[in-house]
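Subject: Structure handover

Hello,

Please find below the structure we spoke of handing over. My notes come after it.

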Amino acid sequence: MPQLKEMFPNFSSIQPSKILWDSDFDWAQEAGMQLAHALFQDAISSQELEEREFLERGVVLRGDLSALTNSEIRGQDHFIIDTIKFAVSQPFIHRLKNIGELAQAYDWILWSISRNYRIGGGGEEADFSLPPFDNAGKALNNFSTQFLTDWISSAYYVAVKFGGLDELARNHFYYCLGHAASEADGPDANSGIEALIFLINWAAHVDHKALPDLIGSVESWLEMPSITDEQKIRFASLLIGPGSKYSKRPADEVATHLLATHPAGFRDHERLQFLTVATTCYTQWLERKVEIMQEIQKFRSDVEISQGSKIKSDIVMEARITLLYPLLLLLSKNADLGAVIEVLSSWYGKPYDPEMAQKTLLVMPNNGDGVTWVGPATTWSADDQDVLLSLEQMLGVASEAFNDYFRGPAGDRYPEIDFRLRGAPAQEHGPALEKQVLDHYRIEDASRVFSEDASLKFILPFPNHPVPLTPLVDRDVINSLAQNISLSSCFAAPDIKRVLIWPGETHTTELEVDAISQIGVKVGIDVQVWRGATGKKEFCEFWSSGDYDLLWITGHGEHDPNDVLKSGLVLSNSETFNIEDFSCLPKPTRARAVVANICSGGAARMIGGIGSTGVASAITTDSQATVTHNWPIDTYAALAFGVVYFSFLSDQGLIDGLSKTREILRSQETIVSHLQALIGDHEVVNILGSDHAKPRLESILSWGAATFYC
C-alpha cells in the first residue's frame with residue numbers, strides 16, 4: 001500500500017499544504033473520493049497565492065498525476081485519477097482564461113479529459129472522454145460531473161478565442177448543450193446560462209447547423225420574465241455577434257435597445273461591446289465618443305487593478321481586443337486616423353498623441369471589404385479581394401515558414417509541426433511567404449498611392465500578424481518607416497556617438513563585438529563592452545548606463561507563445577531576464593536606442609492587436625526605440641545584421657541605417673563586398689562568404705527579421 005508522498009513525489013514537497021502526505025492510500029473508491037476532495041480544496045485555497053506560484057503548483061501537480069496515469073495501476077484505479085484530473089484542472093483553467101493565457105488553458109482543457117494527451121502538442125492522436133465516465137463508480141461520477149459546466153464554458157470560450165478545439169467541440173456539442181440547458185433550468189442557473197452562451201457563441205463562429213434554431217431560442221428566452229437583466233444582456237450578446245445573421249432584428253438595433261432598456265445590467269466590458277455594435281455611422285460615433293472612451297478607460301483601469309502590472313494588463317487587453325473591431329472598422333472607413341489612434345491609446349493605457357495621425361500609415365489587413373491602408377491625407381482599400389481566403393492562405397504559409405500554428409479565419413487546420421523546432425524559420429518557405437504577404441496586403445497597389453507621401457514616419461499594422469510586412473513596405477512602398485508600438489510620435493533619434501555592448505553567450509559574440517569595435521574606430525563611434533558578470537543584477541546596471549546613445553545586446557532570446565512571461569533574454573547562468581523584468585526597467589532620461597540582436601526580441605503573441613506582449617513593446621517608449629528581430633534568427637544572419645547595421649549608424653542614423661542594411665543583406669555578395677571595404681579579411685567576412693551561408697542569409701526570413709520599433 002503506497003503512501004501519498006510516494007504517489008506525488010514532487011507535489012508533496014510543495015508548501016503550504018494541508019494534505020497528510022505520510023498517509024497510506026489503498027486505492028479504494030472512498031479513499032479516492034477523499035483524495036479528490038483534498039486535492040481540489042488545495043487547488044482552491046492556493047488561488048490566494050501569487051499568480052505565478054499558483055500556476056507553477058498546478059504544473060507540478062499535473063506532472064505527478066500524468067506519471068500516475070502512465071504507471072502500472074489497475075483499470076478501476078484510472079477512474080480515480082480521471083476524476084481527480086478533471087476536478088483539479090478547473091481552477092487553473094479558469095485563472096489562465098481570465099489572464100489571457102489561452103494556450104496554457106488549452107493544454108489544461110485537453111489534459112483534463114484525456115489519459116494520453118501530451119502537453120505542448122500531440123493532441124491529434126489522443127483519446128478524450130467527458131464525465132460521467134463509463135464504468136466509474138457513482139460517487140466518482142457525481143463528484144466529477146459537478147465541474148462539467150465550468151469545463152464547458154472554458155472549452156468553448158477557448159475554442160473561439162484560441163482555436164484548436166473545433167473537432168472536439170463539434171463531437172461533444174449536443175451532449176454539452178443538453179447538460180448546460182439542464183443546469184440553466186436548475187439551482188445554479190447562472191453557470192448554466194454562461195455555458196449556454198459560450199456554446200452558442202462557438203456555434204455562431206463555425207456556423208453550426210443548429211445555429212438558426214439556437215438563435216431563435218435566444219430570442220424567446222429574452223422575453224421570459226424569469227430572466228434577469230444581466231442574463232438578458234448576456235443572451236443578447238449572441239444577437240450582436242456572428243449569430244446576428246439569424247436574428248429577427250439587426251445587431252445594432254438589438255444593442256441600442258438593450259442599452260436603453262437595461263442600463264444597470266451591464267458588467268465588465270459588456271457596455272463597451274454593445275456601444276461599439278450600436279455605433280454604425282460616423283455621426284453616432286461623434287455623439288457617443290465621450291461615453292465610449294470613458295468605457296474603454298474604465299475597462300483598462302479595472303484590468304490594471306486586477307493584474308497589478310502593465311505587461312500582465314496588456315496580455316489581458318490583447319485577448320479582448322476584438323471588442324474594438326467594429327468601431328475601428330467604422331473609423332478606418334471614415335478615414336479618421338486620429339480617432340483610431342486615440343481609441344488604441346486608451347485601450348493600451350497610453351496618453352493620446354494627436355501628432356501621430358499626421359505621420360502614421362495604418363494598415364488593416366482583416367477588413368472584410370478589402371485590406372485597408374489609411375494615411376494622414378489618403379485612404380486606399382482593395383475593392384476586389386476575398387479577404388478571408390487571402391488571409392487564410394497567408395497565415396497557412398506563415399505556419400509552414402515559422403514551423404508554428406497561426407489560426408486563420410477558416411478556423412482550425414492541422415499543419416505539420418515539428419514541436420522540437422517550433423518557431424524556427426524554414427528558409428525554403430521564405431519565397432512563398434514573401435509572395436503571400438505581397439498579395440494579401442496589396443503592396444504594389446499601395447505603393448502607387450503612398451510612396452510619395454513625405455509626411456509618413458510610422459507604420460501601424462492592426463492586427464499585427466506574424467509576417468514580414470515592414471521590410472516589404474520598406475523595400476516596395478516607402479523607406480524608413482518605424483513600426484510604432486508606443487503610440488507616441490515624440491522619439492527623436494539621437495546621433496550615435498557612444499555605444500555600450502552586452503556580450504551575451506553565442507558562438508559569434510566575440511566576432512560580432514570585435515568587428516563592431518573595429519568599425520567603430522573607423523567611423524568615429526566610441527564602442528565599450530560590458531566586462532564582468534552577466535547576471536540579472538549586472539544587466540540592470542548595464543541598462544542604467546545613462547551616458548550612452550545606444551545599448552547593444554547580443555545573446556540568446558526566448559519567446560514562448562504559450563507563456564509570454566517566460567519570454568526574454570537568456571543570461572549566462574541560464575536564467576531569463578523576462579518580459580516582466582524588462583517592463584520594470586527604468587525609462588531613460590534622454591533619447592537613446594536599444595539594438596537587441598537576439599532571437600524573437602520583437603515577437604509578440606498574435607491575438608489580434610498591435611503586438612504589445614513582446615520584449616520590444618516592454619522597453620519601447622517615447623524616449624527609447626528598439627531594433628530587434630521578430631522571430632528566431634539564423635546565427636549567420638544575426639552576425640551579418642549586427643555588423644552591417646552598425647556600419648551605417650554613423651552616416652545614415654538608426655532608421656535610414658536599417659533601410660540600407662536590409663538592402664545590403666538581401667545579397668551575400670553585397671554583404672561580403674560591403675564588409676571587406678570596412679574590415680578587410682576579418683573572420684566575419686570569411687564566415688559570411690562561405691557557400692553554406694548563402695541560403696541562410698538571402699531569405700526574407702533572415703534579411704527581413706529586424707524591425708525598428710518606436
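Predicted model: local features only at pLDDT ≥ 70, side-chain atom pairs only at ≥ 80, totals over all residues.

Residues are numbered from 1 along each chain as its sequence is written, and side-chain values use heavy atoms, with hydrogens and water left out.

Helices and strands are DSSP runs numbered from the N terminus (helices: H or I, at least four residues; strands: E, at least two).

Helices

Helix H3 (residues 51–69) packs with helix H4 (residues 75–98) at an angle of about 160°, and their axes are 10 Å apart. Axes here are lines fitted to C-alpha atoms, for helices over the stretch in contact, and angles run from 0 to 180 degrees between N-to-C directions. The angle makes H3 roughly antiparallel to H4 (angles under 35 degrees count as roughly parallel, over 145 as roughly antiparallel, 65 to 115 as roughly perpendicular and the rest as oblique). The crossing of H3 and H4 is left-handed, that is, the near helix is turned anticlockwise from the far one by less than a right angle. On the H3 side, the residues that meet H4 include Phe 54, Leu 55, Leu 61 and Leu 65. On the H4 side, Ile 81, Ile 84, Val 88 and Phe 92 are among them.

In helix H11 (residues 211–221), Leu 211, Leu 214, Ile 215, Val 218 and Glu 219 are buried (under 20% relative accessible area, with a 1.4 Å probe and protein chains only). These residues lie on the same side of H11 because they cover an arc of only 145° around the axis, the arc being that of the directions from the helix axis to the C-beta atoms. The buried residues of H11 pack against helix H9 (173–184), helix H10 (189–205) and helix H12 (229–236).

Strands

Two strands pair if DSSP finds at least two bridges between them. Strand E4 (residues 458–461) has such pairings with E1 and with E5. Strand E1 (residues 360–364) runs parallel to E4, joined by four bridges, and Leu 361 has Ile 459 of E4 as its bridge partner. Strand E5 (residues 482–483) also pairs with E4 in the parallel sense, over two bridges; here Phe 458 is partnered by Ala 482. Phe 458 and Leu 460 point one way from E4, Ile 459 and Pro 461 point the other way, and all are buried.

An open sheet of three strands has the order E9-E10-E11, with antiparallel pairing. Its edge strands, each pairing on one side only, are E9 (556–558) and E11 (576–578). Neighbouring strands of this sheet are turned by 25° against each other on average, direction ignored. Strand E10 (residues 568–570) is joined to E11 by three bridges, and Val 570 stands opposite Thr 576 in E11.

Two glycines

Gly 164 sits in the loop between helix H7 (148–161) and helix H8 (166–171). Leaving aside neighbours within four places in sequence, Gly 164 is in contact (heavy atoms within 4.5 Å) with Tyr 106, Tyr 405, Arg 407 and Asp 412.

Gly 608 is found in the loop between strand E12 (592–597) and helix H26 (615–619). Gly 608 is buried, with a relative accessible area of 0%. Not counting residues up to four places away in sequence, Gly 608 touches Ile 321, Tyr 325, Phe 462 and Pro 463.

Regards

How values were computed
Buried < 20%, exposed > 50% of the residue type's maximum accessible area, 1.4 Å probe, protein only.
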